[in-house]
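Welcome! Here is a short briefing to read alongside the structure, starting with its pockets and moving on to strands and helices.

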Amino acid sequence: MEQITASLVRRLLPRRRPDGHKGDFGRVYIYGGCVGYTGAPVYAGEAAVRCGSGLVFVGVPEEVYPIVAARCALSMAHPVPAEYGNLLERAAACDAVLLGPGLGRAAETEQAVCRLLADLPCPVVLDADGINAVSAHIDVLGGQLRKLGGTVLTPHEGEFLRLGGSLAHGREQAAADFARQHGCVLVLKGPGTIVAHPDGRRFCNPTGNCGMAKGGSGDVLAGIILSLVGQGASPFDAALCAVWLHGRAGDLCSQELTEYAMTPLDLVERLPAVFKELAQ
């Protein structure tokens, strides 16, 4: 298994055209949020903007829209009506879609995630409750995950087990087997996060620390992956870059704020410093 390095990330990051406009740097869509979990789509949206997305849209249930909209200073929030067609139309107009941060486990939202995964023509990142939605229908949706590695799943170990994965032979083998079986890019989160491709490639991430083990950190990671895919990186390359960037931001937070006091939003705020390091 190879290790993700700064030089690899520097090489894989999407290039930005000097004469580009916001439409050139990715339209991305986030479907998430529910009562009690209004921060998750906000964190993902902030991370996507910080990583260079041109336009970031956040669709949330109507009952939490006022709360989320008030917190989205840089992304564009809107209430998602009950009609599935409206949600699909908005999401399908984007270059990449993130499903799940803070979405909850309501039956109607789980059904919407499953339908979107089947219907969307663009790459999809499945995180948190997006993963939980798929876990209940993994046999039915297994074929839909096979979009030439165009679907990224970002489970922690508990979610991975709910998806039907096995850790009996270790994290590396588990990630490789799942990615190959389901034709997706798998980001198995935890110390030494593993990124696996369906073709057998796998990488381990050396950055990050236990100060990142707080609610919301995963939403930031999902937003970074989404942003890079939307800017044209392959889902696998985006995942490799994102886990390193996320962890490096966490290491800067740890140095400046301590592992006790750092927060997920601190990760977002340290991303500019990480990009500056890579540019040197």
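Helix α5 gives the second largest pocket the largest share of its lining, 5 residues. This is a predicted model, in which local features need pLDDT of at least 70 and side-chain atom pairs count only at pLDDT 80 or more, while totals for chains, interfaces and linings use all residues. Residues are numbered from 1 along each chain as its sequence is written, and side-chain values use heavy atoms, with hydrogens and water left out.

**The second largest pocket**

- This pocket holds about 400 Å³ of space. (A pocket is an open set of points on a 1 Å grid over the protein atoms alone where a 1.4 Å probe fits, with protein on both sides within 12 Å along at least five of seven lines; lining residues have an atom within 4 Å of a point. Its volume is the space filled by probe spheres set on the points, which are joined across faces, edges and corners.)
- Among the 20 residues that line the second largest pocket, Tyr31, Pro81, Ala82, Glu108 and Thr109 are the closest to its centre.
- At least two lining residues of the second largest pocket come from each of β3 (55–61), α4 (84–92) and α5 (107–119). (Helices, H or I with at least four residues, and strands, E with at least two, are DSSP runs numbered from the N terminus.)
- By class, the lining of the second largest pocket divides into 13 nonpolar, 2 polar and 5 charged residues. (Ala, Val, Leu, Ile, Met, Phe, Trp, Tyr, Cys and Pro count as nonpolar, Asp, Glu, Lys and Arg as charged, and the others, Gly among them, as polar.)

**The largest pocket**

- About 820 Å³ of space lies in the largest pocket.
- Its lining has 36 residues, and Lys189, Met212, Lys214, Ser217 and Gly218 lie nearest the centre.
- Helices α2 (39–50), α6 (129–135), α8 (157–162), α10 (217–230) and α11 (235–261) each supply at least two residues of this lining, with the largest share, 4 residues, coming from α10.
- The lining of the largest pocket has 17 polar, 12 nonpolar and 7 charged residues.

**Strand β3 and its partners**

- Strand β3 is mostly covered, with 7 of its 7 residues buried. (Buried means under 20% relative accessible area, exposed over 50%, and partly exposed in between, using a 1.4 Å probe and protein chains only.)
- On one side of the pairing list, β2 (residues 27–31) runs parallel to β3 and is joined to it by 5 bridges; tyrosine 31 stands opposite glycine 59 in β3. (Two strands pair if DSSP finds at least two bridges between them.)
- Strand β4 (residues 76–80) also runs parallel to β3, again with 5 bridges, and its proline 79 stands opposite valine 60.
- Two right-handed β-α-β units involve β3: one is made by β2, α2 and β3, the other by β3, helix α3 (residues 65–71) and β4. (Right-handed means that, with the strands pointing away from the viewer, the path from the first strand over the helix to the second runs clockwise.)

**Helices**

- Helix α2 is largely enclosed by the rest of the structure, because 10 of its 12 residues are buried; Gly39, Tyr43 and Glu46 are among them.
- Alanine 69, found in helix α3, is partly exposed at 28% relative accessible area.
- Alanine 279 is found in helix α12 (residues 264–279) and counts as exposed, at 67% relative accessibility.
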